[in-house]
Amino acid sequence: VRRKAGSLVPLEMSIVEEALELRASRITEFHGYAIAARLADASNRRLLTAYGTLYRALGRLEQMGLLTSRQEDPQIAAAENRPVRRLYSLTEQGAVAARAARAARAPARRSRFRRKGEAPA
Amino acid sequence: MTPVAVRAAAACLRTWTRLYTWRMDPPLRDARRAEIESDLWESQADRGRHSDLALQIVARLFFGMSADLRWRVEHDAAAVPHLRRAALLTLGTIAALFFVWVASLAGHVPERETLRLRHGFAASVAIGGAQRARRRTTRSVGGFVRTRRGQTLEDDMTIARRATTFLLPVLLAATVVAHQTPDFSGAWIPVDAGTSAPAPPPPPPPPPGGAPPPPPPPPPPKTLAITVTQSAAELKIDRLVETGGREAVYTFVYKLDGSESVNLMGPIVFATKAAWQGATLVLSSTASNEGRTFGQLKESYRLQANELIVESTRESPAGTFTSRTVHRKKG
């Protein structure tokens, strides 16, 4: 997908929207696999987002200041006998972008429903 | 215990990650590798979600390759020449292998020549690709540095990805088909021997006052059964024949790498070269006796509806004789 400067591609919009939902559930940090699983559930797909696509998108969002990331405390990972996670969290700027993305999608959904002659859910 | 398929898929993912993060800044490289490792661990721990984890890993790997390469380019402008060259080399090699496999499949090239072609052609295309890559890189790196966006390279990588996506399954299919040489192993009984053999050509009229024409060669001994033992390197045929009212077994061993095999049948020496022409094995022999060549023999072996069809053409000073024998498997 070709991007315009400063705009988000659909995957990036979905990531910030999911991150916003997680924050509403008081989950402020998430790792890459968790967001990939949520994205697959949200779109009812079995295949998770490809590694390259997912982590490139997360990196871009971080560069744009919509997400921040940190490496988890290695002692926690060692205690749970697993690799260290990279934990992402939504910034305020990211939350604004997520709300904007959601608002931008809503009219599109409504117009689709109107064309089909159905009422929005 | 982790299934073998999952371990193999994980190994592919780790190898690819090492490859595209090769020679990157250590902090960036280690962060990406750790992130992939963590994702892999989480997907294995989340067993309830994946019934086909190996497939999931491979699919996520495959569909993300283009993004991985673009991520690398974005982070490392110095990697541009390497990536462009790598993409062109990959495409060139795939195209070369595809060409040679199709050629060998069509049976136009003897096996040994095919091997030479396979190596020589792939090498020449790879070298040509490298030269072309260097030229194109020199031309386009200026534009890349000016725009600092990698748009040109991204376009190239998209073309490379699409072409690879198209060519790879074709290459794999061609490879599988090309390797499917039939197995003639087993004990075979001739059931339809010589019925289709045409009559030998009439001898030319004797010249007035000249010497009489040479007599036709004696008919080959009647084959009662053949036992074939086949491996990747050679084909062994134990031929049970009846000659002069007695039964005898002659063993012929043919090398399948295109080199010459020498077999004896009494005083007759057969020097034979074997070559696959698609699913047909062709044995081209020169027959000699005490150093004197007296005939050429060409036999083709193929399977058809569980029957072994052997067609042969004998050329001698007395003329050309053909035969076709259908064999059924014993028992």
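Is R239(B) buried or exposed? In this predicted model, R239(B) counts as buried, because its relative accessibility is 13% and the limit for that class is under 20%. The residue takes part in a salt bridge with E299(B), in which the closest N and O atoms are 3.9 Å apart. R239(B) belongs to strand β3 (residues 234-243) of chain B and E299(B) to strand β8 (residues 292-304) of chain B, so the contact ties together parts that are 60 residues apart in sequence. E299(B) likewise counts as buried, at 9% relative accessibility.

Over all chains, a search of the whole structure finds 21 salt bridges. In chain A, one of them joins the side chains of E17(A) and R102(A), with an N to O distance of 4.0 Å. This pair links distant parts of the chain, E17(A) being located in helix α1 (residues 10-24) and R102(A) in helix α5 (residues 92-116), 85 residues apart. E17(A) is buried, with a relative accessible area of 12%, whereas R102(A) is partly exposed, with a relative accessible area of 34%. Both residues are members of a network of salt bridges that also includes E18(A), E21(A) and R38(A).

A further salt bridge in chain A connects E72(A) with R82(A), the closest N and O atoms being 2.7 Å apart. E72(A) is found in the loop between β1 (67-71) and α4 (74-79), and R82(A) in the loop between α4 and β2 (86-90), so this pair ties together parts that are ten residues apart in sequence. Both E72(A) and R82(A) are buried.

Definitions and conventions: Residues are numbered from 1 along each chain as its sequence is written. Chains are lettered from A and ligands numbered from 1 in the order in which they are written. This is a predicted model: local features need pLDDT of at least 70, side-chain atom pairs count only at pLDDT 80 or more; totals for chains, interfaces and linings use all residues. Side-chain values use heavy atoms; hydrogens and water are left out. Helices (H or I, at least four residues) and strands (E, at least two) are DSSP runs, numbered from the N terminus. Buried means under 20% relative accessible area, exposed over 50%, partly exposed in between (1.4 Å probe, protein chains only).
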